[in-house]
Amino acid sequence: MSHIVIQGGRRLEGTLTVQGAKNSVLPILAATILHPGRTTLRGCPRLSDVEASIRILRHLGCKAEWEGEELTVDASTLDRWDVPDHLMREMRSSVIFLGAILARMGWAELSHPGGCELGPRPIDLHLAALRQLGAQLREESGCLQCSAQCMEGREIVLSMPSVGATENAMLAACGAEGETVLVNAAREPEIGDLQAFLCGMGCRVRGAGSSTICVQGRRPTHDSVHTVMPDRIAAATYLAAAAAAGGEVELRRVSHGHLSTVTAALHAAGCQISGGEGQVALRSAGHLRSIGTVRTAPYPGFPTDAQAILMAALLRARGATVFVENIFENRYRHVDELCRMGADISVADRVAVVTGVPELCGAQVRCTDLRGGAALLGAGPAPPGGTPNGGVF
Ligand code: EPU
C-alpha cells in the first residue's frame with residue numbers, strides 16, 4: 001500500500017501549472033479509435049486511468065506512445081471489438097469505449113465498468129441512447145454484446161444530463177447515418193473539449209456547452225493534434241488546500257470561468273481571489289468562515305467532484321456549513337476519515353453538516369476514493385505539528 005506522510009502546520013505557497021483534465025482526456029482517448037490514423041494529445045496527464053485507457057487501446061490493436069507529456073495513438077491497426085472484464089473493471093470511463101467501438105467497428109463486446117465507489121453507477125442511460133441510434137444490445141452473464149451495422153441519427157432525450165451517457169452517445173453518433181440531436185445533454189466543460197477534439201479530426205459536432213448537441217454522422221477525415229483542457233477539479237483541489245492551510249498560491253493554465261462556483265465558495269469563506277486570462281490566484285489567512293449551504297449539481301452548478309475538497313477546507317471554519325450531495329448517493333465516505341482528524345461532521349442521507357472546530361489533529365487515515373483522498377490531503381497540512389502517525393492512503 002502506498003502512503004503519504006504530511007507534516008502539517010505550514011502555509012502553502014507557490015505557483016503551479018495545472019495538468020490536463022482527467023475527465024476530459026479519458027473520453028478523448030476512447031474517441032481516438034474513431035479515426036483509423038494518428039492522433040496526438042498534448043498536455044496529457046500521466047494518471048493511472050490514462051494508463052488503463054492505453055491498456056484498452058493496445059488490447060484493441062492500437063499503438064500508443066508517450067513523448068514527454070504528449071501521447072500519440074495510432075488506431076489504424078485496430079482489429080478487435082472486445083474489452084475484457086479485467087480492463088473494464090479498472091475504471092468507470094472504460095464504458096465510453098462502447099460508443100467508440102460501435103461507431104468504428106459496428107460491433108462491440110464488453111462487460112460493466114468499474115470505478116470509484118460512489119453509490120450505484122448504472123449505465124442504463126448510455127445503453128438507452130445507443131439503442132435509440134439503432135444498436136442492438138444483448139446482456140449475458142454480465143457481458144454486453146452490441147451490434148450496430150446501420151445506426152441512424154435521430155433525436156435522443158436523456159432523462160438526466162449524464163456526462164458519460166452524453167459522451168458515449170456523441171461518439172456513437174459520429175458513426176451513425178444522418179443527424180443526431182442530443183437533448184438534455186450534460187453541459188460540463190469536458191464535453192466541450194470532446195467536441196473540439198472530434199471537430200479537430202473532421203467530425204461535425206456542435207452545441208457542446210448547451211443542453212442540445214447536434215452530431216452529423218461523419219467519420220473523422222484526418223490525423224490531428226489536440227491539447228487537453230486544464231483540469232478544473234485539480235485546480236479546485238489546490239485552491240481548497242491553500243484556503244484550508246492558509247497561504248498564497250497562483251495557478252497557471254486554468255480557466256477561471258470553469259471554476260466560478262468553487263472560487264465563489266472560497267471567496268465567501270474569506271479567501272481573496274483574483275483571476276485573469278488562464279490564471280487564478282488565492283490568498284488565505286487560514287481562518288475561514290462557514291458559507292451556508294453548498295448543493296452539488298450538474299454544470300454550471302457546484303461540482304460533486306469538488307464537494308469533498310471544499311468540505312476539507314471548511315473543517316476549521318467559524319460556524320456550520322451544510323453540504324447537499326445531489327449527484328451521487330454515496331459520496332461522503334471521506335467523512336469518517338476526516339472525523340479521525342478531529343472534524344465535526346454529521347451525515348444524514350445526502351446531507352452533511354460540518355461544524356468548524358478550532359484545531360485538527362494528525363491521524364492515520366485511509367483514502368476511500370479519488371476525491372475523498374484529495375480531501376484528506378487538503379486537510380492534512382492544517383493540523384499543527386502534522387500527522388504524527390502518518391496519513392495512509
Ligand atoms: N446515472 C444513471 N444512469 C446512467 C448514467 C448515470 O443513473 O446511465 C447516474 C449516476 O449514477 C449518477 C448521475 O447519474 O448518480 C451522474 O452520473 P454521470 O453519468 O453524469 O457521471 P459519470 O459520467 O459516471 C463523470 C465524471 C465523474 C463526475 C461525474 C459528474 C468522468 C470519468 N467521471 O462521471 O468524475 O463526478 O461525471 O460530474 O468523467 C471523479 O473525477 O472523481 C469523478 C467521479
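Let's start with an open space: the second largest pocket of this predicted model holds about 280 Å³. Here a pocket is an open set of points, on a 1 Å grid over the protein atoms alone, where a 1.4 Å probe fits, with protein on both sides within 12 Å along at least five of seven lines; its volume is the space filled by probe spheres set on the points. Its lining (residues with an atom within 4 Å of a point) counts 16 residues, and Leu12, Leu16, Thr237, Tyr238 and Ala241 lie nearest the centre. Strand β2 (12-17) gives the most, five residues, while α8 (232-245), β15 (247-252) and α12 (370-379) are among the elements that each supply at least two. Helices (H or I, at least four residues) and strands (E, at least two) are DSSP runs.

Now to a sheet. Four strands form an open, mixed sheet in the order β4-β5-β3-β14, where pairing requires at least two DSSP bridges. β4 (63-67) and β14 (224-227) are the edge strands, each pairing on one side only. From one strand to the next, the twist averages 20°. β4 runs antiparallel to β5 (70-74), with five bridges, and Glu67 stands opposite Glu70 in β5.

α1 (22-31) lies across β3 (38-42), β5 and β14, at about 170° to β3; angles run from 0 to 180 degrees between N-to-C directions of lines fitted to C-alpha atoms, for helices over the stretch in contact, meaning heavy atoms within 4.5 Å.

Residues are numbered from 1 along each chain as its sequence is written. Local features need pLDDT of at least 70 and side-chain atom pairs 80 or more, whereas totals for chains, interfaces and linings use all residues, and side-chain values use heavy atoms, without hydrogens and water.
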